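Here's a quick briefing to read alongside the model. Have a look at the sequence and structure first, then work through the notes below.

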Amino acid sequence: MTDTSHSFFRPERTLINACGIIVLTSLFYYFGASLRLINALSVFWPLNAVMAGVFARYAFLNRAHYYLLCYATMLVYDAMTTSWGMASLAINFSNMLFILIFATLMQRDRRRAAADDDEPLHVGKLFLYCLCAALACSLTGSVASIGIDNYKLWPLFADWFSEQFSTGVLVLPWILTLHLPRKKVELTAEQSLPFIAVVASVGCSVLIGGAGSLAFPLAALIWCAMRYSLPVTCLVMLMTGVAEIVLVGNSAIQFNTAAPLETAQLFSARLGIAIMALCPLMVSTSVASINALMRQLSHRANYDYLTGALSRSGLLDTLNKPPYANTQFRTLAVMLIDIDYFKGINDTHGHDCGDAVLTAFGERLLRTVGAKGLVGRMGGEEFVVVCPNLTFSEGRGVAEQIRRRIAREAFCWGDTTLSVTVSIGMSHQACLQEGVLDSFTQLLPVADQHLYLSKKSGRDRVTASSVPDSETAKIITDSL
């Protein structure tokens with residue numbers, strides 16, 4: 001489902017939703033009408049695609065009264081600015097057909113797949129739905145426009161269809177993927193190079209002209225698709241397509257083509273731009289899918305799926321990256337934690353019960369440590385906690401807090417209540433250089449020795465020491 005918490009349109013705001021539909025319809029109707037070349041035909045008509053995207057994105061807007069409000073706004077605008085009379089009913093009904101068909105098809109898919117905004121855009125379906133909506137809209141609109149000008153049916157249909165289809169392919173991906181940035185965006189000179197290349201290529205199209213000039217931005221657009229996010233790529237694609245259509249419509253980009261079917265130059269231009277626009281979009285969605293897969297694989301490699309703690313390799317990788325790798329920390333505390341008599345839990349209650357205990361234990365350990373440090377699972381029932389910038393007493397306090405919480409809160413498995421305790425060994429020392437990986441490597445065997453002492457002394461206890469460098473080396477040697 002679409003997240004509406006930060007959206008203008010919300011299910012409970014009926015009046016505001018209605019006002020928004022009126023404003024958007026009027027705004028984009030005005031924009032399209034200002035680009036009219038002949039009577040009812042515009043060089044670029046964004047209204048249908050924009051409103052189709054809005055209705056497709058927000059399921060709660062798919063109500064008869066909202067559609068009727070959009071249609072009525074179109075009729076009122078025509079009544080105030082044109083003299084089409086009853087023909088306006090059919091022309092604007094064709095606009096509504098595009099909106100209704102595309103939004104209905106998209107909402108049907110969303111209900112079937114329970115899709116969300118993070119799911120990559122399905123380019124094939126977008127292409128098909130734009131095609132169906134454009135065909136229905138163009139058939140109705142071209143027939144309704146015959147009485148307004150002297151054009152024959154086929155040229156009218158060609159102009160309507162090429163405009164509706166190209167605009168849908170350009171506008172709808174951006175509308176459907178648009179969202180607020182999840183983190184602060186910092187644009188560098190290097191990141192702006194793909195967009196600069198797009199602008200330069202459009203400029204070359206104007207200077208050079210010819211039938212191939214429309215394809216000049218294709219390489220730069222694919223570059224954008226490889227470097228930018230999907231929403232940004234869709235926006236650049238939209239801006240480029242609109243610029244080229246307007247430039248062709250105003251003869252800034254000139255090329256001579258034969259028109260055996262009595263179609264205008266805009267017919268071939270729009271179709272060419274629509275097909276060109278699909279190329280970077282497909283690349284961008286592929287990259288988005290690959291990136292999502294890589295994030296999942298990275299998460300699985302770096303985190304233990306059962307407990308949510310870092311895996312052994314994930315912990316070492318985290319300690320080897322900023323901020324742990326290049327920051328001067330004052331101290332480091334390393335705690336090794338072992339669940340007491342865990343083998344007995346598996347033997348008595350089964351491995352499913354043992355897994356449930358590990359899962360609950362991992363959740364409690366992560367909550368207890370919180371932002372004070374990192375939690376990793378070393379294997380089996382053994383865990384490690386790494387806390388920089390804690391004094392010895394603070395580190396021991398965290399260890400005692402972990403021990404008391406585990407002992408105090410029983411674990412439930414079906415009708416069985418299990419009391420679990422942990423043994424903890426903690427080592428602590430000052431950090432004399434940037435990064436904590438070397439200190440962690442030195443302190444881990446010391447913590448292991450202290451863990452052994454906790455178990456030997458009766459379990460359910462913490463054994464800790466703050467070790468100078470010279471004593472650390474001695475303890476490591478003794479443990480070997």
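Let's start with helix α2, where the buried residues are Leu47, Asn48, Ala49, Val50, Met51, Ala52, Gly53, Val54, Phe55, Ala56 and Arg57. That makes 11 of 11 residues buried in this helix, which spans residues 47-57. Buried here means under 20% relative accessible area, exposed means over 50%, and partly exposed is anything in between (1.4 Å probe, protein chains only). Helices (H or I, at least four residues) and strands (E, at least two) are DSSP runs, numbered from the N terminus.

This is a predicted model, in which local features need pLDDT of at least 70 and side-chain atom pairs count only at pLDDT 80 or more, while totals for chains, interfaces and linings use all residues. Residues are numbered from 1 along each chain as its sequence is written, and side-chain values use heavy atoms, with hydrogens and water left out.

**The big picture**

- The protein has 16 helices and nine strands.
- It has 480 residues, and 47% of them count as buried.
- Its accessible surface comes to about 23,300 Å², and 62% of that belongs to carbon and sulfur atoms. Accessible areas come from the Shrake-Rupley method with a 1.4 Å probe, and for residues only the protein chains shown count as cover.
- Take the contacts (heavy atoms within 4.5 Å) between residues at least 6 apart in sequence: 74% of them join residues at least 24 apart.

- The mean pLDDT (the predictor's confidence in each residue, from 0 to 100) is 83, and 85% of the residues reach 70 or more.
- Over residues 258-263, pLDDT stays under 50, and the model has five contacts beyond four places in sequence for them.
- Residues 469-480 also stay under 50, with 15 contacts beyond four places in sequence.
- Where pLDDT is low, the predicted coordinates should not be read in detail.

- Helix α13 covers residues 351-369, so 19 residues in its DSSP run, and it reaches 26 Å from its first C-alpha to its last. That is close to the expected 27 Å, where the expected span is 1.5 Å times one less than the number of residues.
- Among the buried residues of α13 are Cys353, Val357, Leu358, Phe361, Arg364 and Leu365.
- Phe161 sits in helix α6 (residues 153-177) and is buried, at 12% relative accessible area.
- Phe161 and Ala134 are 27 residues apart along the chain, yet their C-alpha atoms are separated by 5.7 Å.

**Salt bridges**

- What counts as a salt bridge? It's a side-chain nitrogen of Lys or Arg within 4 Å of a carboxyl oxygen of Asp or Glu. By this rule the count comes to 14.
- Side chains of opposite charge can pair when their charged atoms come close.
- Lys125 pairs with Asp109, with the closest N and O atoms 3.6 Å apart. This pair links distant parts of the chain: Lys125 is in helix α5 (residues 123-145) and Asp109 in helix α4 (residues 87-113), 16 residues apart.
- Lys125 is partly exposed at 34% relative accessibility, whereas Asp109 is buried at 12%.
- Asp317 and Lys321 form another salt bridge, with their closest N and O atoms 3.0 Å apart. Asp317 is partly exposed at 29%, and Lys321 is partly exposed at 42%.
- Glu400 and Arg404 meet in a salt bridge of 3.9 Å, N to O. They're about one helical turn apart because they sit four residues apart in helix α14 (residues 392-408).
- Within that pair, Glu400 is buried at 16% relative accessibility, while Arg404 is partly exposed at 43%.
- Arg364, Arg405, Arg408 and Glu409 are linked in a network of salt bridges.

- Which residues make the nonpolar surface patch? Phe195, Val199, Leu235 and Met239 do, over about 310 Å².
- The elements giving two or more residues to this patch are α7 (193-208) and α9 (230-249).
- Patches are made of residues with over 30% relative accessible area and no salt bridge; like charges are joined within 9 Å, and nonpolar side chains (Val, Leu, Ile, Met, Phe, Trp, Tyr) within 5 Å.
- Val199 is found in helix α7 and is partly exposed, at 47% relative accessibility.
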